[in-house]
Amino acid sequence: MLDSSGLQSSVPIDPHSHARPAEVSVRHLALHLTVDFATQTLTGHATWQLNRSNAAATELVLDSRDLLIEEVLLGDADAGTPTDFELGPADSVLGQALRIALRPNTTAVTVRYRTAPGAAALQWLRPEQTAGTQPFLFTQSQAILARTWLPCQDSPGVRFTYEAQIAVPAELLALMSASNPQQLSPDGRYHFRMEQPIPAYLMALAVGDLQFESLSARTGVYAEPATLPGAVDEFADLEQMVATAEELYGPYRWERYDLLVLPPSFPFGGMENPRLTFVTPTILAGDRSLTSLVAHELAHSWSGNLVTNATWNDFWLNEGFTVYFERRIMERLYGRPYADMLQALGHAGLLHTLADLGPDSSDTHLHLNLAGRDPDEGLTDIAYEKGDYFLLTLEQLVGRPALDTFIKEYFGRHAFQSMDTASFLSYLHRELLDKHPGLEARLRPEAWIYGPGIPDNAPPVSSERFAAVDAAGQSWQAGTPASRLPTADWSSHEWVRFLHSLPTEASAAQLGELDAAFGFTDSGNSEILAAWLPRTIAAGYAPAEQALHRFLIRVGRRKFLTPLYKALLAAPTDGPARARRLYAEARPNYHTVATSTLDALLGRPNGG
């Protein structure tokens with residue numbers, strides 16, 4: 001972990017990094033890059049200022065993957081002297097260790113390099129893949145892809161500040177997880193500063209035809225011109241979200257909170273890059289009904305960005321707290337019945353994941369063992385929903401006021417530091433459990449954290465609004481025409497619940513009745529479409545085939561793609577062959593984060 005000064009103290013060994021930060025760690029980055037859309041490369045140099053905890057250390061070890069290292073200097077780019085370096089054996093997940101020889105007085109090193117055209121963190125989009133007429137670039141560094149565009153100590157337990165000079169085509173705007181411009185630079189050169197220390201997975205860059213509109217003194221939205229008006233309306237409550245989060249768990253420590261709406265190939269719902277959350281356009285529903293995703297990414301400004309999991313085995317410390325925090329924000333803004341719907345949807349997803357993994361699987365533990373595996377394998381509902389459920393159980397046992405005080409102090413005391421599971425358990429005992437006799441025995445934290453499944457002390461999850469939805473669904477199955485169901489005031493969440501509760505054997509004729517009444521196939525709401533389309537695949541409902549094709553070609557969000565392709569593979573007629581035909585066509589539009597999952601599911605298409 002890091003102590004209050006930002007120096008390494010007791011550093012857990014990170015199985016997903018070659019770096020040895022207990023000996024020599026990075027503390028500040030000066031990055032100079034040129035973005036070249038023609039060659040799909042970044043070219044330039046990175047100068048690292050060092051902390052030398054072990055004065056006798058003779059080398060700095062950085063992570064790299066598919067980088068062309070041209071030269072390494074001791075010192076800065078202008079006055080440094082060349083030094084020896086070597087790249088270790090290549091690993092398909094971890095990349096290579098970049099070992100740099102140091103002298104006793106070395107306090108900085110500069111690495112001149114260029115990225116590979118296929119760098120896994122970078123997605124280069126052609127104009128036809130965007131909402132406009134210009135190309136687009138964005139990065140996705142989590143979990144360990146920062147090393148594919150930056151030689152770094154790519155571990156969440158290592159934090160650093162940074163500054164950057166980025167050169168891009170003059171007609172495009174560059175943005176980073178840092179202080180950002182709000183207008184084009186005439187010469188295409190941009191300067192960035194991030195004064196709060198962050199881990200490498202929060203390094204982010206985006207370049208495109210982007211415009212900005214302010215929402216408040218500290219919040220705003222960036223998007224392509226065609227997307228911006230709708231995004232501004234959709235996120236009108238953003239400042240209120242930030243203020244609500246501060247009321248719950250303390251001051252926002254990152255100065256600005258802006259959103260960047262990316263093209264639809266972005267593989268996640270959102271990415272909590274500091275100061276500039278990246279979000280998918282699939283949450284632009286037109287009715288602000290999917291903005292809980294923004295509340296989630298905002299909550300990461302405390303749980304994850306401020307206090308960070310030390311390794312990816314501790315991922316639940318980021319996501320469990322964030323899901324709990326997100327739902328508290330939504331409850332404050334929109335009421336307890338609304339938050340209960342989110343909880344019920346999350347619980348259903350958790351049960352589905354448990355069924356997929358198996359109730360006794362070690363991957364259903366909160367604390368994971370991901371050594372030797374891609375840490376993306378730990379990005380499941382276990383970290384998110386079981387982590388949240390653990391905190392809900394604690395809330396029920398100790399009460400909200402006591403839990404809120406604990407969480408607020410936890411964020412404050414460990415700000416800009418990393419946290420591993422064992423250290424968190426010690427802190428939980430000291431600051432909460434030991435102060436309430438019998439609480440540990442009732443909570444059973446070890447069973448939650450180091451055991452499988454859901455312990456039997458978990459509180460029940462229910463939603464009054466979903467109970468009404470379930471009653472409507474049963475009424476329809478009993479013969480009530482779809483057009484007579486009481487759906488006038490339903491939110492996106494209620495429609496998703498309704499679709500998920502449809503009988504698996506629903507026929508094409510039954511789906512046709514629902515479609516005629518509610519227009520699911522033509523919905524502009526991605527969550528509704530993603531719940532509807534698997535049903536149409538299973539039933540062989542032909543009127544939805546074009547909508548499915550458009551969705552798979554346009555949308556790159558892995559959350560939606562994986563169940564859709566699984567439904568195609570399971571389709572009784574021509575399912576696997578159809579799935580692979582569609583994937584071969586759609587794959588060029590997807591980010592590596594998505595294709596790494598889908599290639600394993602479907603096989604990589606020839607030439608893909």
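**Exercise 1. How many helices and strands does the protein have?**

Solution. Before counting, note that this is a predicted model, where local features need pLDDT of at least 70, side-chain atom pairs count only at pLDDT 80 or more, and totals for chains, interfaces and linings use all residues. Residues are numbered from 1 along each chain as its sequence is written, and side-chain values use heavy atoms, leaving out hydrogens and water.

Now to the count: the protein has 18 helices and 21 strands. Both are DSSP runs numbered from the N terminus, with helices (H or I) of at least four residues and strands (E) of at least two.

**Exercise 2. Work out why the radius of gyration agrees with a compact globule.**

Solution. Step one is the rule: 2.2 Å times the number of residues to the power 0.38, with the radius taken over C-alpha atoms. Step two is to apply the rule: because there are 608 residues, a compact globule would have a radius near 25 Å, and the 24 Å of the protein agrees. Step three looks at the outline: the C-alpha atoms fill a box of roughly 80 × 65 × 45 Å along the principal axes.

**Exercise 3. Decide whether Arg-159 is buried or exposed, and find what its side chain reaches.**

Solution. First, locate Arg-159 in the loop between strand S10 (136-139) and strand S11 (160-167). Next, recall the cut-offs: buried is under 20% relative accessible area, exposed is over 50%, and partly exposed is in between (1.4 Å probe, protein chains only). Arg-159 has 4% relative accessibility, so it counts as buried. Finally, look at its side chain, which reaches the backbone oxygen of Pro-197 at 2.9 Å. A polar atom of that Arg-159 side chain also lies 3.4 Å from the backbone oxygen of Phe-416.

**Exercise 4. Describe the surroundings of Trp-312.**

Solution. Start with the loop between strand S20 (307-309) and helix H4 (315-334), where you will find Trp-312. With a relative accessible area of 1%, Trp-312 is buried. Then list its contacts (heavy atoms within 4.5 Å). Leaving aside neighbours within four places in sequence, these include His-16, Tyr-201 and Leu-370.

Conventions: A polar contact is a pair of N or O atoms within 3.5 Å; within protein, one must be able to donate a hydrogen and the other to accept it, and residues adjacent in sequence count only if both atoms are side-chain atoms.
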